[in-house]
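This report looks at aromatic ring contacts. Please have the sequence and model open.

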Amino acid sequence: MVNVPRLVIAAPSSGSGKTTVATGLMAAFAGRGLAVSGHKVGPDYIDPGYHTLATGRPGRNLDAYMCGPELIAPLFAHGAQGCDLAVVEGVMGLYDGASGQGELASTAQVAKLLRAPVVLVVDASSQSRSVAALVHGFASWDTQVRIGGVILNKVGSDRHEALLREALDESGVPVLGVLRRAPQVAVPSRHLGLVPVAERRGDAVAAVAAMGDRVRGGCDLEALMALARSAPPVPGAGAWSAAEAVGDCGGAVPLAAPSRDRGLRPRTPAPQSPEGMEYDREGMEGTPTGPGAVVAVASGPAFTFSYAEHNELLAAAGTTVVPFDPLRDEALPEGTTGLVIGGGFPEVYGPELSANEPLRKAVAELADSGAPVAAECAGLLYLARSLDGLPMCGVLDAGARMSERLTLGYRDAVALSDSVLAVAGTRMRGHEFHRTVLEPGAGDAPAWGMHQPERRVEGFVQQGVHASYLHTHWASAPGTARRFVERCKG
């Protein structure tokens, strides 16, 4: 059973102050000497970075769309092991989830799966008595969601606070905190949301400390802890284990059954598996061969988007994971046999990435050798011929540029070509989040066929390279990590 005291921090809508309150609570309780675990509902990579600063532990995501509802409690238990408190930051509004999928991937669904009380953060800047109607509506919409209290944000004055408290006295939902307007604590943002921790360094540390001070001064921490301790155990939810997951190779994949149908097919025959390495189509299993693997993982300010479970799975599958910074390092880590380049903001650091010609050449040579290379979104752009006219690695014969259009949303995808990550026909769920365009958007052997919001092919599979805009969560398909590592050892 999962029996960690826990709170879900939710709001009626985006922009209400969830990140400030959730991160501030983590910092305030960690400052009291408690072991605190931070979690984020949905696919967001940036907020968990601030959670990590606040708690000193890896921030983790809970995404019921990409990982499936059945993995939410095990992933939560994995992240919260040994902790005195877990704080889960919600996504968007409390009841907002995957488009057209009901409650799937909503904060409300995660709160129910974890049997966790919800603290509703309300932007009270333009209301007084109406706040009671708002809170009542959210508390009564789904009786399985327990609204345990309210934190009022952006309160203007003592008089304003008194009016809000008087109104909420009639609702039966206690006020657990009041935060005054404080724009100096705001975290800067840009075209894809908040600026990541890795780019702000000392400023990010100061911002998290300020959030902790605000919450400490404006919230009833004793009442919040009592509420967290009131959460009942979650039955039958053992902690997720990377070692068990790669050993089982994907028994908990939400959409495990391969399918070549649905009208999406490769434009050329899918390449065959490498000689001497056979994989069954269900579990993507094989037999490890060869020496130990060293997987280089891009990190630093330009490549900040990564789920903690990915490196854990790579390590559990038998590899040494070595981070490197493409902005600074002129060579790949010694002994590199595979390369993972996740998401981030290469468009912000285009000149610096382009100027590091020795590393660009090293990446191109590794890819040309046939070594496994997995690239998502920012990694896709880095492997391209150019980004906004600046030379990149030139592994892919495609050019990238910034766009005014935001591409955002969950995706159902099917692998269209055998690759270092999956066999053709494997179905996966993922997420896209970018303001760039790649031309062409797919190679002769596309990586994925997308089923929503429109039917299209996307990405590149060539030699050992798998490059795509699609972000995936490998905990949903641990055979992905095992297959990649086996190719590194091959």
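Is Y307 buried or exposed? Y307 is buried, with a relative accessible area of 2%. Buried means under 20% relative accessible area, exposed over 50%, partly exposed in between (1.4 Å probe, protein chains only).

The model is predicted: local features need pLDDT of at least 70, side-chain atom pairs count only at pLDDT 80 or more, and totals for chains, interfaces and linings use all residues. Residues are numbered from 1 along each chain as its sequence is written, and side-chain values use heavy atoms, with hydrogens and water left out.

Rings of Phe, Tyr and Trp (its six-membered ring) pair if their centres lie within 6.5 Å; planes under 30 degrees apart are stacked, over 60 edge-to-face, the rest tilted. This rule gives eight aromatic pairs. Two of them are tabulated here.

| Pair | Centre to centre | Angle between planes | Class |
|---|---|---|---|
| Y45 and Y307 | 4.4 Å | 25 degrees | stacked |
| F305 and F345 | 5.4 Å | 80 degrees | edge-to-face |

Y45 lies in the loop between strand 2 (36-41) and helix 2 (47-55), and Y307 in the loop between strand 10 (293-298) and helix 11 (308-316), so their pair ties together parts 262 residues apart in sequence. Helices (H or I, at least four residues) and strands (E, at least two) are DSSP runs, numbered from the N terminus. Y45 also counts as buried, at 10% relative accessibility.

F305 sits in the loop between strand 10 and helix 11. F345 is in the loop between strand 12 (338-341) and helix 12 (350-355), 40 residues apart from F305. Both F305 and F345 are buried. Ring pairs join Y45, F305, Y307 and F345 into a cluster.
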